[in-house]
Amino acid sequence: MKLVMLGTTGYHPNDLRDTACYMLPEVGVVLDAGTGMQRLRRHLATDELDIFLSHAHLDHVVGLTFLLGALYDKSMRRVTVHGEAEKLAAVREHLFHPTLFPVAPEFEMRPLTGPVTIAGGGKVTYFPVEHPGGGVGYRIDWPERSLAYVTDTTAGPDARYVEQIRGVDLLLHECNFSDDVPSDFVQKTGHSQTTPVATLARAAGVKRLVLTHLDSAINEVDPVGLATAQRIFPNTELADDGKTIEF
Ligand SMILES: [Zn+2]
Ligand SMILES: [Zn+2]
C-alpha cells in the first residue's frame with residue numbers, strides 16, 4: 001500500500017515542507033489536514049475520502065479549507081471528516097465561521113465513537129495522546145499490514161500508547177525537535193525529540209519508523225538528526241513532502 005507524504009512539518013510551512021497531511025490514495029484515507037492538503041488533488045484516486053484529524057490545532061486542520069479547490073470538478077460520492085466531537089465542533093464553529101471562510105467545502109463530520117471501517121477492509125482505531133488541548137493517535141489494521149500515526153505528543157519508551165502501536169509494520173511518528181532542544185521546552189510544547197521517539201519504536205517492536213512533523217524553524221533536509229535515531233532503531237527514515245512510501 002502507498003503512503004504519500006503531503007506535508008511533513010508542524011506549526012507553519014517552511015521552504016521545504018508543508019504542515020501535517022498524509023494520504024493513502026488507494027483507499028481514500030487522509031491523515032490530518034495541514035497545508036500539505038494543497039497537494040491532495042494530484043493524488044486523488046477514489047470518489048470517497050475519509051479524513052482523520054489527530055486534533056484541531058491549525059497546522060492540522062487549515063487544509064480543510066483547501067478542499068474547495070482540491071476537489072473542484074471532482075464528482076465525489078462522499079467526504080467524511082473524522083475526529084473527536086469537540087475538535088470537530090471547534091473546526092465547524094471557528095475555521096468555517098462565515099467571517100473566516102464563507103464557502104464551506106462539502107463534507108460531513110463524524111465524531112469518533114468507536115472503530116471505523118475504511119476501504120480495503122481496514123479498521124481504524126484511536127487512542128488518546130497527551131498534548132496541550134488533547135489529541136488522538138490512530139492505528140489502521142488491514143489483514144495484510146498495519147500502520148500507526150502518532151503526532152503532537154511527547155514520546156518515550158513508557159508512553160501510555162506503547163501497547164496501541166505494538167508491532168505495526170509502519171509507525172509514522174512526530175519528531176518535532178532534535179536532541180539539542182532543552183527537554184523542558186519539548187515537554188511544554190507537547191512534542192517529541194529524536195532519541196525518545198527511536199526508543200519508543202524499539203520498545204513497541206514496530207518494524208519501520210518514519211519521523212515527521214519535523215521542526216519548521218530549520219530549513220534543512222534533516223532537522224532532527226536521522227543518524228541519532230538510526231543508532232537506536234536502524235529502520236528509521238525521514239518523511240519528505242511528496243515522498244511515497246510502500247508498506
Ligand atoms: Zn502540529
Ligand atoms: Zn498540536
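I take buried to mean under 20% relative accessible area. The model I am reading is a predicted one.

**Entry 1, aromatic pairs**

I looked for aromatic pairs and found that the structure holds seven.

Next I looked up phenylalanine 127 and tyrosine 161, a stacked pair with 5.9 Å from centre to centre and 20° between the planes. Phenylalanine 127 belongs to strand β8 and tyrosine 161 to the loop between β10 and β11, so the pair joins parts 34 residues apart in sequence. I checked burial here too: phenylalanine 127 is buried, and tyrosine 161 is buried as well. I also wrote down one aromatic cluster formed by Phe96, Phe101 and Phe107.

Which residues are the protein donors of the zinc ion (ligand 1)? I listed Asp59 (OD), His60 (NE2), Asp152 (OD) and His213 (NE2), at 2.1 to 2.3 Å from the ion. Along the chain, these donors follow the spacing D-H-x91-D-x60-H. The angles subtended by the four donor atoms run from 94 to 154°, so I recorded the arrangement as irregular; a tetrahedral count would need all angles between 85 and 135 degrees.

I then turned to the zinc ion (ligand 2), which lies 3.7 Å from the zinc ion (ligand 1), with aspartate 152 coordinating both. Aspartate 152 is in the loop between β10 and β11, and histidine 213 in the loop between β12 and α6, 61 residues apart. Aspartate 152 has 2% relative accessibility and therefore counts as buried. Histidine 213, at 1%, counts as buried too.

My search of the whole structure gave 17 salt bridges. Aspartate 47 forms one of them with arginine 77, with the closest N and O atoms 3.3 Å apart. Arginine 77 is exposed at 62% relative accessible area, while aspartate 47 is partly exposed at 33%.

Arginine 77 also meets glutamate 48, at 2.6 Å from N to O. That pair links the loop between α2 and β5 to strand β4, 29 residues apart.

Arginine 78 and aspartate 50 form a further salt bridge at 2.9 Å, N to O. Arginine 78 lies in strand β5 and aspartate 50 in strand β4, so the pair ties together parts 28 residues apart in sequence. Aspartate 50 is buried at 5% relative accessible area. Through shared partners, salt bridges join Asp47, Glu48, Asp50, Arg77 and Arg78 into one network.

Notes: Residues are numbered from 1 along each chain as its sequence is written. Chains are lettered from A and ligands numbered from 1 in the order in which they are written. This is a predicted model: local features need pLDDT of at least 70, side-chain atom pairs count only at pLDDT 80 or more; totals for chains, interfaces and linings use all residues. Side-chain values use heavy atoms; hydrogens and water are left out. Donors are N, O and S atoms within 2.8 Å of the metal (3.2 Å for Na, K and Ca); water is not among the atoms, so sites may look incomplete. Four donors count as tetrahedral if all angles lie between 85 and 135 degrees; four count as square planar and six as octahedral if opposite donors are over 155 degrees apart and all others between 65 and 115; anything else is irregular. Helices (H or I, at least four residues) and strands (E, at least two) are DSSP runs, numbered from the N terminus. Buried means under 20% relative accessible area, exposed over 50%, partly exposed in between (1.4 Å probe, protein chains only). Rings of Phe, Tyr and Trp (its six-membered ring) pair if their centres lie within 6.5 Å; planes under 30 degrees apart count as stacked, over 60 as edge-to-face and the rest as tilted. A salt bridge is a side-chain nitrogen of Lys or Arg within 4 Å of a carboxyl oxygen of Asp or Glu.
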